[in-house]
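Here are my notes on the model. Please read them with the structure open.

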Amino acid sequence: MIITLAPSDNPEKNFGLTRNEFEILLKALQEGDEELIEVIYLKHFGKCLQYLIKYCNADYESAYSATMNALLEIRKDLVRGKIEYNNLENYFTRRAKMKLSKIKKPPRIAEEPNVDIPDHLDISLVLDRKDIADKIGQALSQLGGKCATLIKLRFYDELTWPKIAKRLHPDVPENEIERIRNTLSNKNKKQCLPAFKRILKTLL
Amino acid sequence: MQQLFKYFKNKLSDQEDEEITRKLIEAHQDHEYKKKWGKILEEKFDILPPNKKQEKPKKFFLSKRTALTAAAAIVLSFAGITWYNKILTPSIPPLQTEALVRSYLAEKYHYPNLKKGPREEGIRVKANHAYAKSNYKEAIQYYNQIPQLEGEDFVFKGLSYLYQNQSEKAIPLLQEATALIPFKGFRSDEEIRWLLCLAYIKSREFEKAKAELFLLASNNQSKRQKDAEILIESLLNNKDTKK
């Protein structure tokens with residue numbers, strides 16, 4: 001599903017980018033170049049932050065955290081091709097505002113469809129810890145290049161197998177993609193995931 | 001059995017397995033991006049992270065009458081909460097878990113290095129000696145005088161509070177110690193985590209305790225694996241601590 005924004009082709013409302021410039025940067029992001037986020041979006045981080053403080057009466061910490069979380073989500077949607085060129089600045093601020101409202105009023109579990117793990121242990125308590133995030137990072141670096149990339153593309157960017165196949169083998173013709181897709185999916189299931197679990201278990 | 005236990009023991013369906021992996025990778029990757037972007041924001045755009053930013057306190061004025069009403073409301077709320085905790089809520093931590101924690105704490109075998117070395121200073125030696133002699137109050141006073149606490153100091157100052165039943169003061173110190181892992185002087189990081197678990201249980205922070213205990217229990221090489229499993233079992237079998 002493509003998220004459509006209020007119609008506006010005005011570069012002033014799109015971080016000063018024309019449609020063409022945005023699409024070049026977007027394609028680069030989808031191929032692993034983070035310029036769109038690190039140069040364009042971060043340049044407007046402060047503006048969004050100030051908006052939340054001034055107009056939503058947020059304290060600095062909540063505003064910073066909401067803007068950061070909004071940017072994480074926007075990056076994921078951009079990578080998955082779910083955001084189009086249209087009033088991007090306003091969209092950034094609106095996403096941050098939504099994130100801020102969640103910080104102010106934590107949602108009931110019933111309203112969050114994907115976080116309900118039927119278990120006594122709330123997994124987020126473990127995952128919120130900085131040292132655990134570092135250990136997962138160590139496990140990925142020990143896992144090595146191709147598997148780590150595969151796991152990141154599959155489980156973080158949530159790309160489909162054909163998209164991952166195209167990303168990793170951009171020069172391969174279309175009729176070969178299906179075969180590569182199957183190879184990658186099998187490699188992930190039989191080799192990468194078990195190895196990742198094995199390494200992470202020893203680190204924890 | 002916990003979800004992550006099952007994950008490591010390959011007892012989940014493919015779909016559940018992928019879901020847990022997704023959450024793990026997301027936790028790491030989000031953390032990495034936040035770190036990277038935070039650095040760029042600070043260096044290029046002069047936007048500081050909240051822990052470095054000092055906010056000016058907001059000024060607000062209350063009328064005398066409003067202030068008195070607010071104060072009265074606070075006093076009454078505290079009284080109400082205390083009454084509720086004492087009279088209406090069961091005395092948790094549950095007996096069995098509490099007894100277990102007591103027995104684990106009774107086997108006091110964490111001792112600081114008492115030998116004088118080039119890194120040792122007078123106050124630290126006094127603090128460690130007071131701790132070793134179980135003079136915890138005195139130990140805390142000495143630890144408070146050390147200008148810059150190091151890894152092991154956080155552990156033994158935390159333990160001094162823990163042995164005095166002041167677990168709420170022990171927790172931040174033990175957390176600080178876990179953040180400094182690895183550091184010289186302490187036997188193993190899992191022991192610090194273990195002590196933190198005991199402090200959490202004593203403070204009735206059962207979910208945090210379970211999260212830490214699970215990590216200890218899922219590590220086959222951990223010397224505390226068995227103990228952690230026993231405590232998890234005890235927490236899960238009790239209606240007050242079971243979520």
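1. Two residues are in contact if their C-beta atoms, placed from the backbone, lie within 7 Å. By that rule, and not counting residues up to four places away in sequence, Arg124(B) touches Ile146(B) and Asp153(B).

2. This is a predicted model, where local features need pLDDT of at least 70, side-chain atom pairs count only at pLDDT 80 or more, and totals for chains, interfaces and linings use all residues. Residues are numbered from 1 along each chain as its sequence is written, while chains are lettered from A and ligands numbered from 1 in the order in which they are written.

3. Arg124(B) sits in helix 5 of chain B, residues 122–132. Helices (H or I, at least four residues) and strands (E, at least two) are DSSP runs, numbered from the N terminus. Its C-alpha atom is 6.8 Å from that of Ile146(B), 22 residues away in sequence.

4. Is Arg124(B) buried or exposed? Arg124(B) is buried, because 22 other C-beta atoms lie within 10 Å. The cut-offs are 20 or more for buried, 12 or fewer for exposed, and partly exposed in between, with C-beta atoms placed from the backbone.

5. Chain A has 10 helices and zero strands. Of its 204 residues, 28% count as buried. Among contacts between residues at least 6 apart in sequence in chain A, 63% join residues at least 24 apart.

6. Phe92(A) belongs to helix 5 of chain A, residues 88–104. Phe92(A) counts as buried because it has 21 C-beta neighbours inside 10 Å. Leaving out residues up to four places away in sequence, Phe92(A) touches Tyr41(A), His44(A), Cys48(A), Ala70(A) and Ile74(A).
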